[in-house]
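Please examine the structure shown here, beginning with the ligand and the residues that surround it. The paragraphs below then turn to the pocket and to the backbone.

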Amino acid sequence: MVPVLRARDLVIWDTLAIVEYLHETHQGVWPADAIKRARARSLAGEIHSGLNALRAAMPVNTRARDRRAVRSAEVEADIARVKDIWTRYPGQDGAWMLGGFGVVDIMFAPVATRFQTYGVTLDGAAEAYQAQLLAHPLVVEWLAAGAAETDVIPILELD
Ligand SMILES: N[C@@H](CCC(=O)N[C@@H](CS)C(=O)NCC(=O)O)C(=O)O
């Protein structure tokens, strides 16, 4: 499974374990302020272990467009929750989710690409945040790496 971080002899195979390792070895991974850090960890937790209907119905497929996902009531509720988060947090304290660009923004990037893939439209602050996230240099680099892949995973190719 991905993601995996290999750091010398160390292999770390869980997203939050990777983030915590990076936090212990680098500056600026989580917000410096304890309250913002707690909020950031709560939001990251929603991606790691929440928004389950959205994640199941809309597998990440960054190269695809105009794909149709079944939008059950549970999926719509998850989409509404993402819209709420993207309307409420960015801009409160700088352009990104909780101050500087960080873990929470990175963890929501695969949601931004899902909305592109499955034609989920946004408006207002949520739309602006999605566009800004998709234009971040690290996200652009990640999407370019995906575009260069030639493998296709059939179960992720919804019509
Ligand atoms: N707890 C793990 C879950 C990782 C996970 O589910 N990875 C998925 C993609 S997001 C994967 O690699 N799926 C490939 C597979 O199931 O074969 C984490 O958050 O890092």
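Which atom of Val 2 lies 2.8 Å from a nitrogen atom of the ligand? It is a backbone N or O atom of Val 2, and the pair is a polar contact, that is, a pair of N or O atoms within 3.5 Å. A polar side-chain atom of Thr 15 also lies 2.8 Å from the ligand, here from an oxygen atom. For His 48, a polar side-chain atom is placed 3.2 Å from an oxygen atom of the ligand. Taken alone, the ligand exposes 520 Å², of which the protein buries 44%; such areas come from the Shrake-Rupley method with a 1.4 Å probe.

This is a predicted model, in which local features need pLDDT of at least 70 and side-chain atom pairs count only at pLDDT 80 or more, while totals for chains, interfaces and linings use all residues. Residues are numbered from 1 along each chain as its sequence is written, and side-chain values use heavy atoms, with hydrogens and water left out.

The shell around the ligand consists of Met 1, Val 2, Pro 3, Trp 13, Asp 14, Thr 15 and His 48, each with a heavy atom within 4 Å of the ligand. By class, this shell has four nonpolar, two polar and one charged residues.

The ligand takes up the space of the largest pocket. A pocket is an open set of points on a 1 Å grid over the protein atoms alone, where a 1.4 Å probe fits, with protein on both sides within 12 Å along at least five of seven lines; lining residues have an atom within 4 Å of a point. A molecule sits in a pocket if more than half of its atoms lie within 2 Å of its grid points. The largest pocket has a volume of about 1800 Å³. Of the 43 residues that line it, Val 2, Pro 3, Thr 15, Pro 110 and Trp 142 are the closest to its centre. The lining divides into 27 nonpolar, eight polar and eight charged residues.

Finally, the backbone deserves attention. Val 2 and Pro 3 are joined by a cis peptide bond, with omega about 0°. Leu 51, although not a glycine, has a positive phi of about 50°.

How values were computed:
A polar contact is a pair of N or O atoms within 3.5 Å; within protein, one must be able to donate a hydrogen and the other to accept it, and residues adjacent in sequence count only if both atoms are side-chain atoms. Ala, Val, Leu, Ile, Met, Phe, Trp, Tyr, Cys and Pro count as nonpolar, Asp, Glu, Lys and Arg as charged, and the others, Gly among them, as polar. Grid points are joined across faces, edges and corners, and a volume is the space filled by probe spheres set on the points.
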